[in-house]
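Hi everyone, thanks for coming. I'd like to take a few minutes to walk you through a model, so please have a look at it with me.

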Amino acid sequence: SDILREQDFSVYEPLDLRVQSGASEGVPDEIVAAVASCLAEWVAEQTRACVRPAMVADIPILLPLLEELGRPHADLADARVADVYRQHIADPDRLVLVAELGGRIVGALDGAYRTRLNWPTRELWIADLVVTESARGLDIGRALMDDAITRARQAGCHCLALESGHSRQVAHQLYRSLGFEDRGVYLVLDL
């Protein structure tokens, strides 16, 4: 994987840097500490997701991401496919976010603000949350969900709702850690 992980580096103590660099003498502690601090900050920056709203230019990257989630292959050459994505991104009642890591899109969230007959306020329904396999375990899903929760609060939503397949146990742990509760059964009738 070309994704850097903080745990791959142990450059936090000046003495560690000396051992790793092979320099045991002649480098002042202040310089070693400054270099170690800069390196640790750089590694942290490379492993911190940047979440932003999706753009039309992101569509070719979103398609394979959703295939990783188990969605069927969609051909971008089919104008209907491109139109659906453009409509989602332009619709003010949709929330489509992407997470970037080192300038590369590694995750996405698709949601819809919807009303319910028994509530005067909307809810945010999360239709899809996906993180590419090479970036899993780096809190990308948490960053996307945190951003969605913030946006839902700002929009005055009374809750977030989602469905998740039985096999997605890691995702279920994330949702529970964010405060989600299991309140129902998800049933589908394919037409």
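Before we start, one convention on residue classes: Ala, Val, Leu, Ile, Met, Phe, Trp, Tyr, Cys and Pro count as nonpolar, Asp, Glu, Lys and Arg as charged, and the others, Gly among them, as polar. Please also keep in mind that this is a predicted model.

The largest pocket has a volume of about 1,200 Å³. It is lined by 31 residues, and those closest to its centre are Leu160, Ala161, Leu162, Phe180 and Glu181. Sorted by class, that lining has 14 nonpolar, eight polar and nine charged residues. Which elements supply at least two residues each to the lining of the largest pocket? They include β4, α5, β5 (159-162) and α6 (169-177). Of the elements, β5 gives the most, with four residues.

Now to the second largest pocket, with a volume of about 800 Å³. Here 30 residues form the lining, and Leu69, Leu129, Arg168, Ala171 and Tyr175 are the closest to the centre. We meet β4, α5 and α6 again, each with at least two residues in this lining. The largest share, seven residues, comes from β4. By class, the second largest pocket is lined by 16 nonpolar, six polar and eight charged residues.

On to the packing. The largest nonpolar core has 24 residues, and the members that touch the most others are Leu109, Leu124, Ile140, Leu144 and Met145. Two or more residues of this core come from each of β2 (94-101), β3 (104-114), β4, α5 and α6, and α5 has the largest share with five. There is also a second, separate core of 14 residues, with Ile59, Leu63, Val96 and Ala108 among them.

Let me zoom in on leucine 124. Neighbours within four places in sequence aside, leucine 124 is in contact with residues including Leu95, Gly111, Tyr113, Ala148, Cys157 and Leu160. Leu160 you'll remember from the centre of the largest pocket.

I'll finish with threonine 132, in the loop between β4 (123-131) and α5 (140-154). Is threonine 132 buried or exposed? Its relative accessible area is 11%, and the cut-off for buried is under 20%, so threonine 132 counts as buried. The side chain of threonine 132 makes a polar contact of 2.6 Å with the side chain of glutamate 68. Beyond four places in sequence, threonine 132 touches Leu65, Glu68, Arg104 and Val106.

Conventions: Residues numbered from 1 in each chain as written. Predicted model: local features only at pLDDT ≥ 70, side-chain atom pairs only at ≥ 80, totals over all residues. Heavy atoms only, no water. Buried < 20%, exposed > 50% of the residue type's maximum accessible area, 1.4 Å probe, protein only. Polar contact = N/O pair within 3.5 Å; in protein donor to acceptor, adjacent residues only side chain to side chain. Contact = heavy atoms within 4.5 Å. 1 Å grid on protein atoms, 1.4 Å probe; cavity = no way out; pocket = protein on both sides within 12 Å on 5 of 7 lines; lining within 4 Å. Points joined across faces, edges and corners; volume = space filled by probe spheres on them. Core = buried A, V, L, I, M, F, W, Y, C linked by side-chain atoms within 4.5 Å.
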